[in-house]
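I opened this notebook to record what I looked up, chain by chain and then across the contact between chains. The entries keep to what can be read from the coordinates and from one database record.

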Amino acid sequence: MSGRKETVLDLAKFVDKGVQVKLTGGRQVTGTLKGYDQLLNLVLDEAVEFLRDPDDPLKTTDQTRRLGLIVCRGTAVMLVSPTDGTDEIANPFVQPDGA
Amino acid sequence: MLLSELISVITNDGRNIVGILKGFDQATNIILDESHERVYSTKEGVQQIVLGLYIIRGDNISIVGELDEDLEARLDLTELRAHPLKPVIH
Amino acid sequence: MLPLSLLKTAQGHPMLVELKNGETYNGHLVNCDTWMNIHLREVICTSKDGDRFWRMPECYIRGNTIKYLRVPDEVIDKVQEETKRSDRKPPGVGRGRGRGRDDNSAGRSSKGIGRGGLEDGGGRGGRGKGLSGSKPSGNRGKN
């Protein structure tokens, strides 16, 4: 309930770095974090949205849309991660059923 | 109280998870120990998938119920056929 | 036992988190708060249908998007130890919360305990089990 130090993640270390943000509803954007507040409202510069497959909105495609300078509303932010070091990889899990 | 009892939980996505209730809070978040999921099918018997120690968020819980252990012991799940539950639609 | 106490105790341990949108995240819990917001490190993200995977060095997940968390079995035994310990000094705990400084140091020390326990207990084996277990859940709709 205290105002300070209630956030689990210190976003300060991501300022001026690339971050990936997933929003409720399924939108996914990346951009350079320019600012934030304790409600997790984020300012992203040169933001790019990953468009989704119209047939299956759960899937993101490689198509993108440039958004420029945006504010992500904190209440809609589901997930934040640094883009640096984030890569798509092959299935890292051993599959017991071979499916 | 149901603490330390075997309970059955039905989640909003239509899963049935059975386990020992170890704790809960105001938001109906619950701790299930030694939990397993029961997967129902019309074609084959009930599959039990071991899940272990789980924290299920209250938002995602539809029903919490006590399991009758005597009845459980008499049930042959491998003979049981049932339609899988559909997820809750908001 | 409160779900959030268990989660707090699980700091430093590997865990699997499924979000309401069906994506799963495997990683080590760094920190969590009273809203169940969590910070994971060394994360592997799996798409809802279980056919795409991403690795990310860390991520922050908002609590209200979580469906469930799967934590290593041994963590539940550690909670009991820690509650016993804190039972002996409840006044100190109560007071400490008022001061911002204490909040921080308490978090650090409990994290230290969790880390040590993981290494001693050989938590790796448990992790492997947990990881492979995540896969069938992606498939279950097809069965």
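This is a predicted model: local features need pLDDT of at least 70, side-chain atom pairs count only at pLDDT 80 or more; totals for chains, interfaces and linings use all residues.

**Entry 1: confidence.** Chain B has an average pLDDT of 92, and 99% of its residues score at least 70. Within chain B the lowest confidence falls in helix H1 (residues 69–74), with a mean of 86, while the highest falls in strand E2 (residues 16–24), at 96.

**Entry 2: form of chain B.** I counted one helix and five strands in chain B, and from the N terminus on they follow the order β-β-β-β-β-α. The radius of gyration of chain B is 13 Å, close to the 12 Å that the globule rule gives for 90 residues, so chain B is as compact as a globular protein of that length. I also looked up the extent of the C-alpha trace of chain B, which spans about 40 × 35 × 20 Å along its principal axes. Of the 90 residues of chain B, 28% count as buried. Among the contacts in chain B with a separation of 6 or more, 51% are between residues 24 or more positions apart.

**Entry 3: form of chain C.** Chain C holds five helices and five strands, arranged along the sequence as α-β-β-β-β-β-α-α-α-α. Of the 143 residues in chain C, 39% are buried, and of the contacts between residues at least 6 apart in sequence, 57% join residues at least 24 apart. I then turned to UniProt, where an unreviewed entry lists "domain: Sm" for residues 2–75 of chain C.

**Entry 4: strand pairing in chain A.** I followed strand E1 (residues 18–23) of chain A to its partners. Strand E1(A) runs antiparallel to strand E2 (residues 28–36) of chain A, and five bridges join the two; one of the residues I checked, Gln20(A), has Thr30(A) in E2(A) as its bridge partner. E1(A) and E2(A) form a hairpin with four residues between them, and Gly25(A) in the turn has a positive phi of about 105°. E1(A) also pairs in the antiparallel sense, over five bridges, with strand E5 (residues 77–82) of chain A, where Val19(A) stands opposite Pro82(A).

**Entry 5: the contact between chains B and C.** How many residues does each chain give to this contact? I found 20 residues from chain B and 22 residues from chain C. On the side of chain B that touches chain C, the elements giving two or more residues are E2, strand E3 (30–39) and strand E4 (47–56), and the largest share, seven residues, comes from E4(B). By class, that side of chain B has 10 nonpolar, five polar and five charged residues. Pairing crosses the contact as well: E4(B) and strand E5 (residues 66–71) of chain C pair in the antiparallel sense over four bridges, and Leu53(B) has Val71(C) in E5(C) as its bridge partner.

**Entry 6: Asp33(B).** Asp33(B) lies in strand E3 of chain B and is partly exposed, with 17 other C-beta atoms within 10 Å. Leaving aside neighbours within four places in sequence, I found Asp33(B) in contact with Gly19(B), Ile20(B), Lys22(B), Leu53(B) and Ile76(C). Asp33(B) and Glu5(B) are 28 residues apart in sequence and 10 Å apart in space, C-alpha to C-alpha.

**Entry 7: positive phi in chain C.** Met36(C) is not a glycine, yet has a positive phi of about 70°. Is Met36(C) buried or exposed? Met36(C) is found in the loop between strand E2 (24–32) and strand E3 (38–46) of chain C, and because 24 other C-beta atoms lie within 10 Å, Met36(C) counts as buried. Glu42(C), also not a glycine, has a positive phi of about 50°. Glu42(C) lies in strand E3 of chain C and is partly exposed, with 13 other C-beta atoms within 10 Å.

Key. Residues are numbered from 1 along each chain as its sequence is written. Chains are lettered from A and ligands numbered from 1 in the order in which they are written. pLDDT is the predictor's confidence in each residue, from 0 to 100. Two strands pair if DSSP finds at least two bridges between them. Two residues are in contact if their C-beta atoms, placed from the backbone, lie within 7 Å. Ala, Val, Leu, Ile, Met, Phe, Trp, Tyr, Cys and Pro count as nonpolar, Asp, Glu, Lys and Arg as charged, and the others, Gly among them, as polar. UniProt positions are given in the numbering used here, feature names are shortened, and annotations may be inferred rather than shown by experiment. The radius of gyration is taken over C-alpha atoms; the globule rule is 2.2 Å times the number of residues to the power 0.38. A residue is buried if 20 or more other C-beta atoms lie within 10 Å of its own, exposed if 12 or fewer, and partly exposed in between; C-beta atoms are placed from the backbone.
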